[in-house]
Amino acid sequence: MLRIAGRAFDPSLVVFDKDGTLIAFDAMWHAWYARLLNSLGSRLTLSEKLLEGLAGTLGYDGADRWDPQGPLTLASTTEVELLVAGQLYWHLRLTWDDALD
């Protein structure tokens, strides 16, 4: 059983659309990115260069727009984790193991 906006549905097929073709996911990407920055900021010092690197690497233009063909919208979770770790490794000079953690 699936419930959307208070209505119950019993679908025979559910399509997941990560890139926004069927469903506008911008609000979800913004919320995810804000949680990422909060999580990182609670453990690390986030420099302006790191923030620019994260945004650019993930496909965020800083003006509330995500690239629909960018990594955050199209890459797997593992690929996104590696991109974030790469930015932490480069900008914060963490060891690779620490960046992955």
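This is a short chat about reading the predicted model shown above.

Reader: Where do I start? How many helices and strands does the chain have?

Author: Start with the secondary structure, then its order. Here there are 5 helices and 2 strands, and along the sequence they run β-β-α-α-α-α-α.

Reader: Now the inside. Which residues have the most contacts inside the largest nonpolar core?

Author: The general idea comes first: in soluble globular proteins, nonpolar side chains tend to be buried together. In this model the largest nonpolar core has 19 residues, and Tyr33, Leu58, Trp66, Val84 and Leu88 have the most contacts inside it. Helices H1, H2 (48-58) and H4 (77-92) each give at least two residues to this core.

Reader: Let me zoom in on one of them. What does Val84 touch?

Author: Setting aside residues up to four places away in sequence, Val84 touches Leu36, Leu40, Leu54 and Leu58. Two of those names come back when you look at H2: its buried residues are Leu50, Gly53, Leu54, Ala55 and Leu58. The cover over the buried residues of H2 includes H1, helix H3 (71-74) and H4.

Reader: What about Leu13: buried or exposed?

Author: Exposed means over 50%. Leu13 has 65% relative accessibility, so it counts as exposed. You'll find Leu13 in the loop between strand E2 (7-9) and helix H1 (26-41). The C-alpha atoms of Leu13 and Arg35 are 30 Å apart, with the two residues 22 apart along the chain.

Reader: Which residues form the nonpolar patch on the surface?

Author: Leu2, Ile4, Phe9, Val14 and Phe16 do, with about 500 Å² of accessible area together. One of them, Leu2, is in strand E1 (residues 2-4) and is partly exposed at 35% relative accessible area.

Reader: How much of the chain is buried?

Author: Buried residues make up 25% of the 101 residues. The chain exposes about 7,100 Å², with 57% of that supplied by carbon and sulfur atoms.

Note on methods. Residues are numbered from 1 along each chain as its sequence is written. This is a predicted model: local features need pLDDT of at least 70, side-chain atom pairs count only at pLDDT 80 or more; totals for chains, interfaces and linings use all residues. Side-chain values use heavy atoms; hydrogens and water are left out. Helices (H or I, at least four residues) and strands (E, at least two) are DSSP runs, numbered from the N terminus. Buried means under 20% relative accessible area, exposed over 50%, partly exposed in between (1.4 Å probe, protein chains only). Patches are made of residues with over 30% relative accessible area and no salt bridge: like charges are joined within 9 Å, nonpolar side chains (Val, Leu, Ile, Met, Phe, Trp, Tyr) within 5 Å. Accessible areas come from the Shrake-Rupley method with a 1.4 Å probe; for residues, only the protein chains shown count as cover. A salt bridge is a side-chain nitrogen of Lys or Arg within 4 Å of a carboxyl oxygen of Asp or Glu. A nonpolar core is a set of buried Ala, Val, Leu, Ile, Met, Phe, Trp, Tyr and Cys residues joined through side-chain atoms within 4.5 Å. Contact means heavy atoms within 4.5 Å.
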